[in-house]
Number of protein chains: 2
Amino acid sequence: MNKKTTIYDIARALGITVSTVSRALNNVPTISEGTRQLVLAKAKELNYSVNKIASSLSSGRSNTIGVIVPTMQIHFFAEAVHSIEKELKKHNYSLLLYQSNESYSDEVNGIKTLLEAQVDGIIASLSLETQQITHFQEVIKQGKCLIIFDRTHRDIAAPVVKLNDFEAGYLATKHLIEQGYKKIGFITTNKEIAIFQDRFSGFEAALKEADLPQLDDLIVRGELSIEAGIKGTEQILQSSIQPDAIIGGDDFTAVGIIQALKAAEIAIPATGVIGFANQTFSSFITPALSSIDQQANKMGEECAKLFLKMVKQKNPYEDIEQVVLDPILIKRKSTCRIDK
Amino acid sequence: MNKKTTIYDIARALGITVSTVSRALNNVPTISEGTRQLVLAKAKELNYSVNKIASSLSSGRSNTIGVIVPTMQIHFFAEAVHSIEKELKKHNYSLLLYQSNESYSDEVNGIKTLLEAQVDGIIASLSLETQQITHFQEVIKQGKCLIIFDRTHRDIAAPVVKLNDFEAGYLATKHLIEQGYKKIGFITTNKEIAIFQDRFSGFEAALKEADLPQLDDLIVRGELSIEAGIKGTEQILQSSIQPDAIIGGDDFTAVGIIQALKAAEIAIPATGVIGFANQTFSSFITPALSSIDQQANKMGEECAKLFLKMVKQKNPYEDIEQVVLDPILIKRKSTCRIDK
DNA sequence: TACTTTTATGCAACCGGTTGCAAAATTGTT
DNA sequence: AACAATTTTGCAACCGGTTGCATAAAAGTA
C-alpha cells in the first residue's frame with residue numbers, strides 16, 4: 001500500500017490550493033459548483049478518504065462521543081449502547097466505548113482516556129463503587145457535554161436521563177395489590193444506590209396508599225442475583241408470616257424467587273412474583289415473569305438526543321435538562337391470578 | 001475553561017524545547033532523569049493532559065481499534081465486545097464501536113468510517129446480508145490489521161477466530177445419542193450461513209457415525225426464534241414419525257421447542273431438547289436447557305490477542321492465523337434422561 | 001468603459017504533538 | 001588538559017487538514 005492520498009495530492013493534480021480542495025470536500029457554500037465537481041471527481045479517481053484525525057486536530061471537533069458503562073455483560077447497558085450508537089451514527093458521530101467494570105478507578109481512568117481522545121461529549125452510567133465524582137466535574141469544567149443515565153449521582157451538575165424508579169416500585173406494588181396480594185415481600189440490595197432505593201420507596205408508598213402494613217419480616221436486603229433470590233425466599237418462608245407475593249429487586253432475583261417457591265411447592269401466581277428490568281428471558285420462563293420495563297433503548301435514544309442538543313449550544317450547561325422516563329408495567333403469568 | 005495546557009506551555013515554563021518535553025512525557029530512554037522529573041512535575045502542576053488526536057496525527061498510530069458487530073442487542077456480540085474492550089484496554093487501546101445492524105451497506109459504511117478514523121485495526125463479525133467483501137479487502141490493502149470472528153467469510157484473507165461449529169453440532173448430537181435418543185429432529189435456519197451449516201453437518205456426521213438414519217420429516221428450515229421453535233415443533237409433531245429429541249438452531253429456538261412440547265403435553269427430557277449459544281437464561285428456564293457454549297468471552301479475548309500480535313509485525317498478513325475454539329457441551333435437565 | 005459588488009480562490013498560520021539529525025553538554029580516557 | 005565517546009537537548013520538518021483574511025476573478029451597474 002502506497003501512501004494514502006491527501007488533499008495535497010488532489011490540489012496538485014488539479015493545480016489548485018488545498019484550501020479550495022478542503023472547501024469543496026466539505027461543501028462549504030463559498031465554493032463554485034464547477035470546482036466542487038472537479039475536486040469530487042478527482043478525489044474519487046484518486047480513491048481519496050479523509051483523515052479524520054487531521055481534521056479533528058485542526059477543527060477542534062472530533063465527532064466522537066465517549067460512552068462509559070459498567071459492563072456490556074449487563075443486557076441493559078448493551079441495549080442502551082446499541083441505541084446510542086444507532087442514533088448518533090445518523091449524525092456522523094462515532095462512539096468510543098469504555099467499560100468501568102464496576103470499578104471506581106477504572107471509571108476515573110475511562111474519563112481520562114476519553115478526554116485525551118478529545119471526545120465531543122461523554123455519556124456515562126456510574127459504577128457501583130463510585131462515590132467521588134471529581135472526574136465528572138472535570139468533564140464539565142472542560143466544557144464538554146456530559147450526560148449521565150440510569151445510574152446517576154445527585155451531585156453531578158449535568159443532564160440526566162433515567163427511569164422514574166419510584167414510579168417503577170410503585171407500579172409493581174400497586175399491580176400486586178390490585179391482584180389481591182396483601183402480604184408482599186421484597187428482596188433487594190443492601191447497597192445505597194438511588195435506583196434501588198427509589199424502587200423501594202415506591203413500594204412503601206403503594207403500601208401506605210392501600211393501607212397495607214409493611215411487613216419487615218418479608219423484607220430482605222442483600223445481593224441481587226438468582227442465588228440471592230433463592231436464599232432470600234427461603235429466609236422469608238421461615239418467618240412467622242407467610243407472604244402472598246414477593247418482589248425481586250431485579251429479574252434475576254425474581255427468577256431465584258420463582259425457583260425457591262417451586263422448590264417449596266408453593267404455587268405461582270397463587271403467590272405472586274414480579275421483578276424489574278424486563279430481561280429478554282422474563283417472557284419465556286415458567287411462569288412468565290411480570291416485570292417493569294426499564295426502557296433501555298428509549299434511554300439510549302434520549303441520551304443521544306440530549307447530547308445532540310447540548311453540543312449545539314454555546315453554553316451546554318445553561319439549563320440542565322432532566323429526562324425521566326416512565327416505567328412500563330409488563331403483566332405476565334407470575335402475578336395475574338385474577339384476570340388473564 | 002481557559003485553553004488546555006499543551007507541551008508548549010510546559011516547555012515555555014521550563015525554558016526547554018517541546019521535543020524534550022515530548023520525550024520526557026513518553027519515557028523516551030534518551031532523556032535524562034532530571035529533566036524527566038522536572039517535566040512530569042510541571043505537567044502535573046499545569047494539569048496537563050495529552051491530546052491524543054495530535055499525537056496520533058504525527059505518530060501515525062491512533063491506538064484505537066474499530067469493532068464492527070451486527071448488533072449489541074445480541075448477547076453474544078455484547079459479550080464479545082466486552083472482552084475485546086477489556087483486553088485491549090490493558091494495552092492502551094481504545095475501542096470504536098460500530099453496529100452494522102445486519103445491513104450490508106451499513107457494514108460498508110462502518111469500514112469506511114473506521115478507516116477514516118485511522119484505527120490501527122478492525123475486528124469484525126459479518127452481517128447476515130454480507131456477500132461482497134471488497135470493503136474488507138480494502139482494510140487489508142491499507143495494511144491495517146483485520147480480524148474476523150464468528151461470522152466469517154472464506155474469501156477474506158485475514159485471520160479468523162471462530163468456534164468449531166461442526167464440532168458443536170456433532171457434540172450436541174452425540175450427547176443426545178449417548179442419552180439414548182434415536183429419532184432426532186433439527187430446527188434451523190434456511191439461510192446459508194457457515195456457522196449454521198457447519199452445525200448441521202456435525203449433526204449429520206454424528207448420526208452417520210452412530211448408524212442412525214437422518215429423518216427428513218424431523219428437519220425444519222426456516223427462522224431462528226422462539227416463534228420458529230414453536231412452529232417447527234408443531235410441524236414435526238404432525239409428521240408420521242414422532243421425534244424423541246429436537247435440536248434448536250439456537251437457544252431461542254430451543255425455548256420455542258420446549259414451549260411447544262409442553263403445550264402438547266410431551267414430557268421433557270423424555271423427549272430431549274438442546275440448543276446452541278448457552279444464553280444466560282438457558283440455565284434457569286424449566287427444564288434447564290442443555291446447550292453448546294459459544295465462548296463469546298474467549299472469542300473476544302482471542303481476537304484482542306491476535307490483534308496485539310499482528311499489530312507488532314511488519315507484514316501482518318505474512319502467515320494468517322486461524323483460531324478455532326472448541327465448543328463446550330453444557331449438559332442440563334432438558335437432555336439428561338439417563339444420569340443426573 | 002470604468003467602477004462597485006459579489007463570488008471564488010489563495011495565503012499562511014494554526015491545531016499539538018513526533019522524530020531524525022545535528023549540535024551542545026557531560027563524562028571518560030590518557 | 002586535550003580529545004574521544006557518550007549522553008542530552010534543540011532544530012525544524014512533518015502529520016493532514018481548517019479557516020480568517022486578503023486578493024483575484026466574475027458579475028452587476030451606471
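How many residues does the contact take from chain B, and how many from chain A? It takes 51 residues from chain B and 50 residues from chain A. Before going further, please keep in mind that this is a predicted model.

I will start with the area. The size of an interface is often given as the accessible area lost when the parts come together. Here, chain B and chain A bury about 4,400 Å² between them. Carbon and sulfur atoms account for 57% of that. On the chain B side, three residues supply 15% of the area buried against chain A, more than any other three: Ile53(B), Glu116(B) and Phe284(B).

Next, the polar side of the interface. Between chain B and chain A there are 18 residue pairs in polar contact, counting pairs with both residues at pLDDT 80 or more. Which elements of chain B each supply at least two residues to the side that touches chain A? They are the helices α4 (52–59), α5 (75–89), α6 (104–116), α7 (134–141) and α11 (251–263), together with strand β2 (94–99). Of these, α5(B) gives the most, with eight residues. Sorted by class, the side of chain B that touches chain A holds 19 nonpolar, 21 polar and eleven charged residues.

Now the salt bridges. Two of them cross the interface of chain B and chain A. In one salt bridge, the side chain of Glu116(A) meets that of Lys52(B), at 3.4 Å from N to O. Over all chains the count comes to 28 salt bridges.

Strand β2 of chain A, residues 94–99, is joined to β2(B) by three bridges, and the two strands run antiparallel. What is the bridge partner of Leu95(A) in β2(B)? The partner is Leu97(B).

Last, the layout of chain A. The domain assignment gives domain 1 as 7–50, domain 2 as 62–163 + 296–325, and domain 3 as 165–294 + 329–335. Taken over C-alpha atoms, the centres of domain 1 of chain A and domain 2 of chain A are separated by 36 Å.

Notes. Residues numbered from 1 in each chain as written. Chains lettered and ligands numbered in written order. Predicted model: local features only at pLDDT ≥ 70, side-chain atom pairs only at ≥ 80, totals over all residues. Heavy atoms only, no water. Domains from an automatic or database assignment. Contact = heavy atoms within 4.5 Å. Buried area = accessible area lost by both parts, 1.4 Å probe. Salt bridge = Lys/Arg side-chain N within 4 Å of Asp/Glu carboxyl O. Polar contact = N/O pair within 3.5 Å; in protein donor to acceptor, adjacent residues only side chain to side chain. Helix = DSSP H or I, 4+ residues; strand = E, 2+ residues; numbered from the N terminus. Nonpolar A, V, L, I, M, F, W, Y, C, P; charged D, E, K, R; others polar. Pairing = 2+ DSSP bridges.
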